[in-house]
Amino acid sequence: MARRDVTEALLRPLGAAVVLLTGYFVLPINKDSDVNYLGLLVGAILLSAFCVWEVRRFARSTRPVATAMEMLVALASFYIVVFATTYFLFSDYSHGSFNEKLTKIDALYFCLTVFTTTGFGDIAPDSEPARIAVSIQMASTLILLGLGIRCLNVLITFRQRDVGNSSEESPSAG
């Protein structure tokens, strides 16, 4: 049963990431599209529904620590897609926001280099609004990292408590 729980805990946020990335690449949000506003609206609805689903799932969970870990992984996917979309939209709607025009792949790549603090320097924000967005991502990455570390700390504490309780129960069972 525990193996199934772990598999589900890994597959659920992975599935969410696939859905979010598929939406990111498929929805017509670029300036040249005739249905770009519809694409943006559908994307916003999907992201909102994703958030509501995650919060409701967490609120109803009987395993809050495992669900919190799932939610953290899903949040990272959400976070990356939102910032990649933001960078793509800046580049597409406001030329000169970056030192080069970004495709969706470029925007995702740039978002990941900021997220991982790699920062190769090949893509850089040139406009003030783009720099503000990148600054927000950098600061919020620290918060997300802090949440991840805290979540792992809670998991380890619960695990140590469970191991301690089962070793205390073992002698009395025998």
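1. The accessible surface of the protein chain is about 10,800 Å², with 68% of that area belonging to carbon and sulfur atoms (Shrake-Rupley method, 1.4 Å probe; for residues, only the protein chains shown count as cover). Of the 174 residues in the chain, 32% are buried, meaning under 20% relative accessible area, with exposed being over 50% and partly exposed in between (1.4 Å probe, protein chains only).

2. Please keep in mind that this is a predicted model, where local features need pLDDT of at least 70, side-chain atom pairs count only at pLDDT 80 or more, and totals for chains, interfaces and linings use all residues. Residues are numbered from 1 along each chain as its sequence is written, and side-chain values use heavy atoms, leaving out hydrogens and water.

3. The chain has 5 helices and 0 strands (DSSP runs numbered from the N terminus: H or I of at least four residues for helices, E of at least two for strands). Mean pLDDT, the predictor's confidence in each residue from 0 to 100, is lowest in helix 5 (residues 128-173) at 76 and highest in helix 4 (residues 104-115) at 95.

4. Met71 sits in helix 3 (residues 64-93) and counts as partly exposed because its relative accessibility is 24%. Beyond its neighbours within four places in sequence, Met71 is in contact (heavy atoms within 4.5 Å) with Glu54, Val55 and Phe58.

5. Val35 lies in the loop between helix 1 (2-26) and helix 2 (36-60). Val35 is partly exposed because its relative accessibility is 39%.
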